[in-house]
Amino acid sequence: MNYSPVISSLNSELVREEFPVLHQKINGHPLVYLDNAATTQKPKRVIQSLLDYYAGYNANIHRGIHTLAEKATHAFEQTRETARDFIHAEHVEEIVFVRGVTEAINLVASSYGQSFIAEGDEVIISCLEHHSNIVPWQWVCEKKKATLKIIPINDRGEIEMNQFIRMLSPRTKLVAVNHASNSLGTVNPIKEIILHSHTRGAVVLIDGAQTGAHLQIDVQELDCDFYCLSAHKMYGPTGAGILYGKKHLLERMPPYQGGGEMIREVTFHQASYNDLPYKFEAGTPSIADVVAFKCAMEFIMELGHERIAEREQELLKYATGKVGALPYVTVVGNAKEKVGVLSFVVEDVHPFDIGQMLDARGIAVRTGHHCTQPLMERLEINGTVRASFAVYNTEAEIDVLVEALERIINFLKRS
Ligand SMILES: Cc1ncc(COP(=O)(O)O)c(C=O)c1O
């Protein structure tokens, strides 16, 4: 592959040039953006793509025969092709556009759950899950009188594989776990999870919210049944995401929402449904966001997952060493394999207070339970401070964070 100069060197300064939002002051200090697990910033090419669409060829897709509609439809479908390459799906119809991971999981829970989960069945999730991968399964289980089981974790924040294997039974219909934890950074052994689940006949959904921008995803190699991604966590726009599903499963699943585009024919008495993937894409989608998502995936592919992961591991290691060495600080989540997420607590200080004081110095981190309240309960904490890294972060920014934390801790512990 031919890399542009920015990309070939993975030079932080050049990469940062691609992200206009990074070049500003917050509360009088240069912005240090360390909230990438919540959402990543957008490179110029993604912003330009949104502008090009609205300024040049805004039109509704699929239904029109005029030139703009054809151009918009072509661009929209081009993203589907890129997405297929990005996750190495076998068929392009296996890529369903949704608003993000939350909608992707709700789609599967509602549609697959409605048809294939019955009374007495079991659904397994892990203790590390985001609320988006808990609540939809609670609803299915309640509705179908099925049981929701939770894979426990050890104190490092890793899934207890032996216990998971023991939990599997012929009653297990579906296993839903994240590829990486947004709160602790733990990378789960999803290949093994998928293999064991399949031997018991269960299908597996992977929540890839925290991996799309950080790790290589090959759905065929993983053999997962469903994989979910959010564009906004992958340098792309909000309002767009992907549900990958194996074709033979999507074909057997009923539509999730009714409306335009998902039908073949409608009378007042009944409707027949469109082919995949349109059966699951009712109504006008977030066209501009899907179109621009292509540029975000291309950006990641040009950088290369391997080089991104390598760079982010350097940042994680550097930050963990420095932050972990501060007095009164405990790092939360010490899994052997992690993405660039560093969660920590400061003894007797509420994470929210740390977050506010960091913001006063231009440093953006996330504080609280990170939409993983059951995990916080398991860890017996009310929340953490979370610094999460992306490819544009630098060691110098981590130094700014560490210096600010040192001052804040000194101040709080003296007063
Ligand atoms: C692990 C995980 N799953 C699901 C979600 C929900 O993603 P979205 O809000 O893009 O739908 C998030 C968002 O933070 C997440 O980190």
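1. A word on terms before we start: helices of at least four residues and strands of at least two are DSSP runs, numbered from the N terminus. Please also keep in mind that this is a predicted model.

2. The largest pocket holds about 460 Å³ of space. Its lining is made up of 26 residues, and those closest to the centre are A38, H130, S132, H232 and K233.

3. Which elements each supply at least two residues of that lining? They are α5, spanning 101-116, and β16, spanning 366-368. The biggest contribution to the lining comes from α5, with three residues.

4. Sorted by class, the lining of the largest pocket comprises 14 polar residues, six nonpolar and six charged.

5. Where does the ligand sit? You will find it in this largest pocket. The residues around the ligand are V101, T102, H130, S132, N182, D207, A209, Q210, S230, H232 and K233. This shell divides into seven polar, two nonpolar and two charged residues.

6. In the side chain of D207, an N or O atom is 2.5 Å from a nitrogen atom of the ligand. On the oxygen side, S230 has a polar side-chain atom 2.6 Å from a ligand oxygen, and for H232 the distance from a polar side-chain atom to an oxygen atom of the ligand is 2.7 Å. On its own the ligand has 390 Å² of accessible area, and the protein covers 85% of that.

7. Most peptide bonds are trans, and most residues other than glycine have a negative phi. The peptide bond from L276 to P277, however, is cis, with omega near -5°. P277 is placed in the loop between β12 (271-273) and α11 (287-303).

8. What is the phi of Y235? Its value is positive, about 70°, although Y235 is not a glycine. Y235 belongs to the loop that runs between β9 (226-230) and β10 (241-245).

Key: Residues numbered from 1 in each chain as written. Predicted model: local features only at pLDDT ≥ 70, side-chain atom pairs only at ≥ 80, totals over all residues. Heavy atoms only, no water. Near = heavy atom within 4 Å. Polar contact = N/O pair within 3.5 Å; in protein donor to acceptor, adjacent residues only side chain to side chain. Areas by Shrake-Rupley, 256 points an atom, 1.4 Å probe, with all protein chains shown as cover. 1 Å grid on protein atoms, 1.4 Å probe; cavity = no way out; pocket = protein on both sides within 12 Å on 5 of 7 lines; lining within 4 Å. Sits in = over half its atoms within 2 Å of the grid points. Nonpolar A, V, L, I, M, F, W, Y, C, P; charged D, E, K, R; others polar. Points joined across faces, edges and corners; volume = space filled by probe spheres on them.
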